[in-house]
Amino acid sequence: MSQHAVEANFDGLVGPTHNYAGLSWGNVASKSNVRSVSNPKEAALQGLAKMKRLADRGYVQGVLPPHERPHLPTLRALGFAGSDGDILKKVAAEAPALLAAVSSASPMWTANAATVSPSADTADHRVHFTPANLSAKFHRSIEHEVTGRALKAIFTDESYFAHHPALPSVSHFGDEGAANHTRLCSGYGEPGVELFVYGQIAFNEDAPAPVKYPARQTLEASQAIARLHGLRDRNLVFAQQNPAAIDAGVFHNDVIAVGNGNTLFYHELAFLDEDRVLADVRSRLSGAELEAVRVSSAEVPLEDAVASYLFNSQLLNTPDGMLLAVPGECREIPSVSRYLDSLVASGGPITSVEVFDVKQSMRNGGGPACLRLRVVLTDDELKAINRGVILTDQLYERLTTWVEAHYRDELSQEDLGDPMLLEEVRKALDELTGILGLGSIYDFQL
Ligand SMILES: NCCC[C@H](NC(=O)CCC(=O)O)C(=O)O
């Protein structure tokens, strides 16, 4: 028995320490903007403006909070001791790379926060959440604990929501969350096909794998999540990402493909075995025909797809088709801009394109799709969540005022050891959990 359901988007609010530290080998933008001066205030306001525009269009829009950074508990676990001020001074002098890693505002990219399976797909008919261990990058591997707390503070009712801990934090179970997970369905409330895309098989050294950049997601991790979430074979497809795409800078599948409803929008170099992926999805999708919108290299070369983040767009239902919410960079690259015009004119499922400016995040390799976690919720489930995080006009105003009050408009690597910054962050976050009605989720609050 299916129920009416909607897709809610939970965007990561950009944290006050947003900076460019070049932490992500394999992510071209992160490496090429290393040590530029960031503007955390602008970054947060750009994110909020995106959320507001989508909320104004009637989409259910939620907010996930930033994390405490620099993360002193991690530094203490690594042997730094003394007062917070002593530790910051010492780590800034002795291990600036470590300071940068524990200062990243990377939790903003909530497509990596967790994998979420809607209740229509799971064996116990609850919505299942598994925070991603993000074990491929140290600065991201410290996210999952607080992410889990935030998700539990929002999706509280255990009769509707099931929360799993992150998978073991080792490369064999490297998991990057929803960025490597797309759900196709005839309607959000109907059982869907969950497409898990992995970069590498950990326990088979002979299997194809990228040679230059790391594969961050393993098949074994994807399979473990499918088991934990109680997904059955008829809801499930595992597909290997094309290793050549990873080596060209496609560090997550959501840099080269996005799905919504019955539509999969992807580049021809996205998958290792494109025909099998499409056949597997087609044979499992019920109640609708798969619409495969395939972009060829002749139309958009792979490097233009990576530079523009064409596929890191949000694909959203509209009353008369689907909207592709693209980053501004897509209109700056001629092949991509031309392609977008032809896409809308083609009479296919994607009927409109809108541009969103998220440049501050883009310079670290995060487009519109990286900034949101999709959670399909039935009407009853939506009623059961902690409503304090749903973006209304009032919440938008409050958060904008909060950002204006607490965020700096310039941050360089040298600023990360400033003890004032830590104080500003904690003050801001303490106020934020009050605004969002989350209770205590940060280590400094516990
Ligand atoms: N889904 C988009 C994730 C982008 C993220 N970038 C970063 O962490 C870069 C941070 C820095 O370099 O300062 C990553 O690669 O995981």
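Predicted model: local features only at pLDDT ≥ 70, side-chain atom pairs only at ≥ 80, totals over all residues.

Colleague: Why is histidine 252 called buried?

Modeller: A residue is buried if 20 or more other C-beta atoms lie within 10 Å of its own. Histidine 252 has 28 within 10 Å, and therefore counts as buried. Its place is the loop between helix H9 (243-247) and strand S9 (257-260).

Colleague: Is glutamate 176 buried or exposed?

Modeller: Glutamate 176 has 30 C-beta neighbours inside 10 Å, so by the cut-off of 20 or more this residue is buried. Glutamate 176 sits in the loop between strand S5 (161-163) and strand S6 (181-184). Among the residues that glutamate 176 touches are Asn112, Arg216 and His252.

Colleague: Which residues does UniProt list for "active site"?

Modeller: The UniProt entry, which is unreviewed, lists Glu176, His252 and Cys370 under that heading.

Colleague: How do you know that they gather at one spot?

Modeller: They span 195 residues in sequence, but no two of their C-alpha atoms are more than 11.1 Å apart, so they come together at one spot.

Colleague: Which residues come nearest to the ligand?

Modeller: Of the 21 residues around the ligand, the nearest are Ala21, Leu23, Ser24, Ser30 and Cys370. The shell comprises seven nonpolar, twelve polar and two charged residues.

Definitions and conventions
Residues numbered from 1 in each chain as written. Near = placed C-beta within 6 Å. Nonpolar A, V, L, I, M, F, W, Y, C, P; charged D, E, K, R; others polar. UniProt positions renumbered as here; feature names shortened; annotations may be inferred. Helix = DSSP H or I, 4+ residues; strand = E, 2+ residues; numbered from the N terminus. Buried ≥ 20, exposed ≤ 12 C-beta atoms within 10 Å, placed from the backbone. Contact = placed C-beta atoms within 7 Å. Lists of a residue's contacts leave out its neighbours within four places in sequence.
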